Amino acid sequence: MFSLPNNATIIEVGPRDGLQNEAAPVSTETKLAFIGALQGAGVSEMELTSFVSPKWVPQMADAKEIVARAEKVGRQFVLTPNARGIEAATEAGADAYAVFVGVSNTFNQKNINKSTQESMDALEPLIKDLKVEGKFVRACISTAFYCPFEGAIDPKETIELCRQFVELGVDELSVADTIGMANPKESYELFAELKKEFPDTLISAHFHDTRKMALANISAALQAGVDRFDSSAGGLGGCPFAPGATGNVATEDVVNMLHRMGVETSIDVDALCEAVAEIESHLSGPVQTGMYTLYKNRKPAEA
Ligand code: HMG
Ligand code: MG
């Protein structure tokens with residue numbers, strides 16, 4: 001039987017994963033308007049920004065101002081790779097943190113300038129401290145299926161890295177198909193295993209849509225018991241250090257699919273498309289996702 005949850009949670013990553021990959025700089029005011037419009041559409045969990053080196057990712061250089069000025073609605077994550085980022089984010093008012101590590105050593109080196117093990121060694125005391133302070137910590141697991149440099153990743157390695165994070169006490173694992181290469185069979189098998197191994201940890205699926213398999217992968221992950229999905233309004237996104245990583249699966253398309261299957265979310269698709277319309281003219285290209293294209297093509301009388 002096709003088993004489905006009654007509800008699913010979207011973690012909107014557009015303001016972070018989406019805008020980190022934009023060629024043209026997006027102003028702080030435009031980002032804040034986008035964040036506000038996403039909140040207005042019912043987004044309850046969001047990655048707001050990242051505290052990373054502005055030399056590496058200049059698009060996120062205004063992280064402090066974003067955190068300080070964004071209206072506090074629901075759970076708001078900041079992505080951060082190190083102590084410097086956690087400190088700056090905390091000063092700005094953050095209280096939910098997303099750390100990130102690649103299963104693939106080569107990818108991790110290119111993304112964070114450390115081996116995977118070096119990253120884990122550095123993160124261990126930081127995660128422990130955040131948990132002592134009662135903060136929410138999510139661990140983003142990049143290249144969980146495939147790496148642009150090393151190819152296919154052994155699922156055992158992904159599970160092992162997840163286990164290290166679970167033992168450190170993280171609240172959530174966000175397991176990522178960084179370059180959009182996984183297929184639904186792989187999605188089902190890995191997520192079923194993760195749900196079995198880590199029943200007390202929240203598990204989210206983070207799919208990039210490079211090969212247009214993301215919705216199928218989400219459907220497979222739902223079958224494996226996953227009910228939390230990272231997605232980006234307008235399908236924006238990609239990691240600048242992962243060649244071939246195009247946008248995240250589009251929130252409007254995920255929410256539409258879920259609602260049509262009877263799985264409720266807190267998000268209104270039309271209002272979400274209005275948020276996309278808000279940001280589209282500030283982007284380097286047009287947004288061409290399924291639901292947003294339908295929204296744009298509606299006759300004015302129907303809009
Ligand atoms: P490094 O050059 O090895 O580190 O970079 P460093 O300690 O020598 O620092 C370099 C400079 O950055 C120094 O400044 C530091 O102070 C500064 P300088 O003295 O030269 O003026 N710095 C910082 N500034 C602000 N915030 C910080 C910070 N840390 C150091 N937190 C580092 C190491 C980790 C900093 C760098 O590699 C980096 O910033 N990498 C970030 C890469 C990134 O953001 N990637 C995209 C996000 S991950 C992703 O998209 C994947 C995901 O979506 C899941 C998936 O799809 O797979 C999550
Ligand atoms: Mg990503």
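Two strands are taken to pair if DSSP finds at least two bridges between them. The close-up views below show a predicted model.

**View 1. Strand 10 and the strands paired with it.** Strand 1 (residues 9–12) runs parallel to strand 10, and the two are joined over four bridges. Strand 9 (residues 202–207) also pairs with strand 10 in the parallel sense, over two bridges. Asp230 of strand 10 has Ile11 opposite it and also stands opposite His206. Strand 10 (residues 228–231) is covered on both faces, with Arg228 and Asp230 buried on one side and Phe229 and Ser231 buried on the other.

**View 2. The surroundings of ligand 1.** There are 27 residues around ligand 1, of which Lys55, Arg84, Asn113, Ser142 and Thr178 come nearest. A polar side-chain atom of Asn113 is placed 2.7 Å from an oxygen atom of the ligand. The side chain of His208 has an N or O atom 3.0 Å from an oxygen atom of ligand 1, while a polar side-chain atom of Asn111 lies 2.9 Å from a nitrogen atom of ligand 1. Of the 1100 Å² of accessible area that ligand 1 has on its own, the protein covers 75%.

**View 3. Helix 11 and its cover.** Helix 11 (residues 269–280) comprises 12 residues and spans 16 Å from its first C-alpha to its last, close to the 16 Å expected at 1.5 Å a residue. At the N-terminal end, Asp268 caps the helix through a side-chain oxygen 3.3 Å from the backbone nitrogen of Asp270. The buried residues of helix 11 include Val269, Leu272, Val276 and Ile279. Among the elements covering the buried residues of helix 11 are helix 2 (28–40), helix 10 (251–260) and helix 12 (290–297).

Terms used
Residues numbered from 1 in each chain as written. Chains lettered and ligands numbered in written order. Predicted model: local features only at pLDDT ≥ 70, side-chain atom pairs only at ≥ 80, totals over all residues. Heavy atoms only, no water. Expected span 1.5 Å × (residues − 1). Buried < 20%, exposed > 50% of the residue type's maximum accessible area, 1.4 Å probe, protein only. Contact = heavy atoms within 4.5 Å. Polar contact = N/O pair within 3.5 Å; in protein donor to acceptor, adjacent residues only side chain to side chain. Near = heavy atom within 4 Å. Areas by Shrake-Rupley, 256 points an atom, 1.4 Å probe, with all protein chains shown as cover.
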